[in-house]
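Hello,

I am passing on the structure we spoke about.

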Amino acid sequence: MKALTWHGRRDVRVESVPDPELKEPTDAIIRVTSTAICGSDLHLYEVLGPFMGEGDILGHEPMGIVEEVGSAVADLRPGDRVVIPFNIACGHCHMCDRKLYAQCETTQVREHGMGAALFGYTKLYGQVPGGQAEYLRVPQAQFGPIKVPEGPPDDRFLYLSDVLPTAWQGVEFADVPDGGSVAVLGLGPVGQMCARIARHRGHTVIGVDRVPERLDLAGAHGIEVIDESDADDLGDAVRELTGGRGTDAVVEAVGMEAHGSPAAKAAHTLIGLMPDRAAAPMMTRVGMDRRAALLQAIEVVRRGGTVSILGVYGGMTDPLPMMRIFDKGVTLRMGQAHVRRWVDDLMPLVADDSDPLGVEGLATHHLPLDEGPHGYEIFQKKQDGAVKVVLNP
Ligand SMILES: NC(=O)c1ccc[n+]([C@@H]2O[C@H](COP(=O)([O-])OP(=O)(O)OC[C@H]3O[C@@H](n4cnc5c(N)ncnc54)[C@H](O)[C@@H]3O)[C@@H](O)[C@H]2O)c1
Ligand SMILES: [Zn+2]
Ligand SMILES: [Zn+2]
């Protein structure tokens, strides 16, 4: 089959690789019909190289049609239309019983001290072949796959794999009081959906980014926006709109590739050029996060508010402004999304013909798998108006 594989910094290729096969009775094989590129993939493309293997298949936002199922997969049969959550969870361990699917104890990558395995996401997360491919082996298929109805186009359901449950969790963890306000930092696909979900749930939303078409898109959905590159001090700009206090909550939907902080950018570039054996410990132990957005979040939130961090961070020891966080009494919540936990909340919204979250309009580009490398490039460089790129193998 054809698959999109990793070969180095900003070097992904579409190659022929062996077809996946059932290995465990709990596996399924799906034929992928749509598979999206995520902001998280951009970290692999740019800074997480030390944790990648040459030829690793990327992708963790797939959907498709079941081809084959193992003997222990009772609820799926060939022909079913399914969306595959990005984290791999068993559904019945201590963590899964508590709906902490991103920490599933059956798939935790203990060798590296990490949580549940993820599709297509580095050795730290199990080096599981990903879904930017014609076919995908799905482990723990007795629990993971989300069955979706025939009829509406793939884009209606595709984002149940990651963007929608991630955005939902971001808003849920932000703990916005009734009638309260939330700032969403970063208006990539995840931030766009956070902003729409928060608005749908009745909150006042302020969106922040610096990419014009992303600000416009949020504006078109009725979100008040601030162009971060215009604001001398984002904290002041948000306080001005919120009675001098800041928003009740902030969702940080940027992560470690924030604009700003040139020193960290230089360090990331340096790590990218180092041999893996030297670079990996530097990335985990020394810590080279670009924290610009996180620091902004701590400034923007009102005293006693909550910062809900969705953006992925990769370093370890970058100091946080603890005095500021402590004195403001800020609650921090974060983590990978527990995808299946939020599906029951989201399914009625995506199944609704009026498409209240506008999921069908999120993808700016649909490309054949062969054009995946081009998709990565325009998504990373924010060229050609790319907000969300979906590949159709
Ligand atoms: N927690 C999870 O389970 C989970 C799941 C999916 C994605 N993510 C993470 O969420 C983040 C967003 O994902 P995405 O697909 O929307 O990515 P994206 O890269 O398209 O979006 C990030 C946006 O942040 C903006 N930005 C950069 N610096 C900023 C700053 N200082 N202030 C405000 N905006 C800034 C960028 O212009 C961009 O529009 C990534 O870090 C991704 O890894 C986490
Ligand atoms: Zn993703
Ligand atoms: Zn589990």
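Predicted model: local features only at pLDDT ≥ 70, side-chain atom pairs only at ≥ 80, totals over all residues.

Residues are numbered from 1 along each chain as its sequence is written, and chains are lettered from A and ligands numbered from 1 in the order in which they are written.

Ligand 1 is surrounded by 34 residues (C-beta atom, placed from the backbone, within 6 Å of the ligand). The closest are Gly-39, Ser-40, Gly-186, Gly-188 and Gly-255. Domain 1 (2-161 + 338-392) and domain 2 (164-334) each contribute at least three residues to this shell; the domain bounds come from an automatic or database assignment. Helix H1 (39-46) gives the most, with 4 residues. (Helices are DSSP runs of H or I, at least four residues, and strands are runs of E, at least two, numbered from the N terminus.)

Helix H10 also supplies at least two residues of the shell. In H10 (residues 292-300), 7 of the 9 residues are buried, that is, with 20 or more other C-beta atoms, placed from the backbone, within 10 Å of their own. Among them are Ala-292, Leu-294 and Val-300.

Leu-391 lies in strand S15 (residues 389-392). Why is Leu-391 counted as buried? Because it has 27 C-beta neighbours inside 10 Å. Its C-alpha atom is separated by 5.8 Å from that of Ala-36, 355 residues apart along the chain.

Regards

Note on methods
Buried ≥ 20, exposed ≤ 12 C-beta atoms within 10 Å, placed from the backbone.
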